[in-house]
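Please look through the sequence and the model shown here.

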Amino acid sequence: IIHTFCTGVVECPFAKSASAMAASDVKLFGKWTYDDVEVSDIALDDWIAVKPEQAVYVPHTGGRYQVKKFHKATCPITERLVCALQFKGQNTGKKNNAVRIVQQAFEIIHLLTDENPLQVLVNAVVNGGPREDSTRIGSAGVVRRQAVDVSPFRRVNQAVYLMANGARAASFRTIKSAAECLADEVINCSKGTINSSAIKKKDEIERVAKANR
């Protein structure tokens, strides 16, 4: 809202507060609020998109996040989980199917934990990414592995990838649905228990890195 006077252009002081109020009204799937979601790790605060201004009703924005480097950091974290589920041939491109799985998983998470599923997912992403990794150093002749710190962005990427992989593997050839397996994986990862596939893989990566310091 802009008022024009003879002296120039003046922005309405109520415009920003109105837009902030509108953002806080947005709830994921019409149920889960973004207002009280907090990122416990300060290093990941800028890389997990759960702030009220990044709120969406459905994790299906259709944004072209791959066009610009680091642009996918602005993609809602729930949509990144949805996209990570769309792998292994027969699941490729079935985004509506993946959105439905995440929606059902969030309902299960709320029933089991009595918490906001968005907060549980953020805690899982914070816990699920390895903080130290090893890389190959040297050229053709002598090659050795050297321990390196992992950037916050890669920690988020790895956590989402490992959780989706663990849920997919757990739901294969079993009576449990994909939504139930995803809910179990996210809950276990948020608690940091060894039952989580992502936590197991994270511990293994950090153990190898520690040996290569």
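Of the 213 residues in the protein chain, 40% count as buried, where buried means under 20% relative accessible area, exposed means over 50% and partly exposed lies in between, computed with a 1.4 Å probe on protein chains only. This is a predicted model, in which local features need pLDDT of at least 70 and side-chain atom pairs count only at pLDDT 80 or more, while totals for chains, interfaces and linings use all residues. Residues are numbered from 1 along each chain as its sequence is written, and side-chain values use heavy atoms, with hydrogens and water left out.

The protein chain has 7 helices and 6 strands; these are DSSP runs numbered from the N terminus, with at least four residues for helices (H or I) and at least two for strands (E). Along the sequence their pattern reads β-β-α-β-β-α-α-α-β-β-α-α-α. Among contacts in the protein chain with a separation of 6 or more, 61% come from residues 24 or more positions apart; a contact means heavy atoms within 4.5 Å.

Asp 133 stands opposite Val 148 in S6. The hairpin has 6 residues between its strands, and Gly 138 takes a positive phi near 115° there.

Now to the helix pair. Helix H5 (residues 152-170) packs against helix H6 (residues 178-191) at an angle of about 135°, with the axes 8 Å apart. Axes are lines fitted to C-alpha atoms, for helices over the stretch in contact, and angles run from 0 to 180 degrees between N-to-C directions. H5 and H6 are therefore oblique to each other, since angles under 35 degrees count as roughly parallel, over 145 as roughly antiparallel, 65 to 115 as roughly perpendicular and the rest as oblique. On the H5 side the contact is made by Met 163, Gly 166, Ala 167 and Ala 170, and on the H6 side by Cys 181, Leu 182, Glu 185, Val 186 and Cys 189. These residues divide into 7 nonpolar, 1 polar and 1 charged.

Ile 187 also lies in helix H6. This residue counts as buried because its relative accessibility is 6%. Leaving aside residues up to four places away in sequence, Ile 187 touches Ile 109, Leu 112, Thr 113 and Val 120. Thr 113 is 74 residues from Ile 187 along the chain, and their C-alpha atoms are separated by 8.1 Å.

Technical notes:
Pairing = 2+ DSSP bridges. Nonpolar A, V, L, I, M, F, W, Y, C, P; charged D, E, K, R; others polar.
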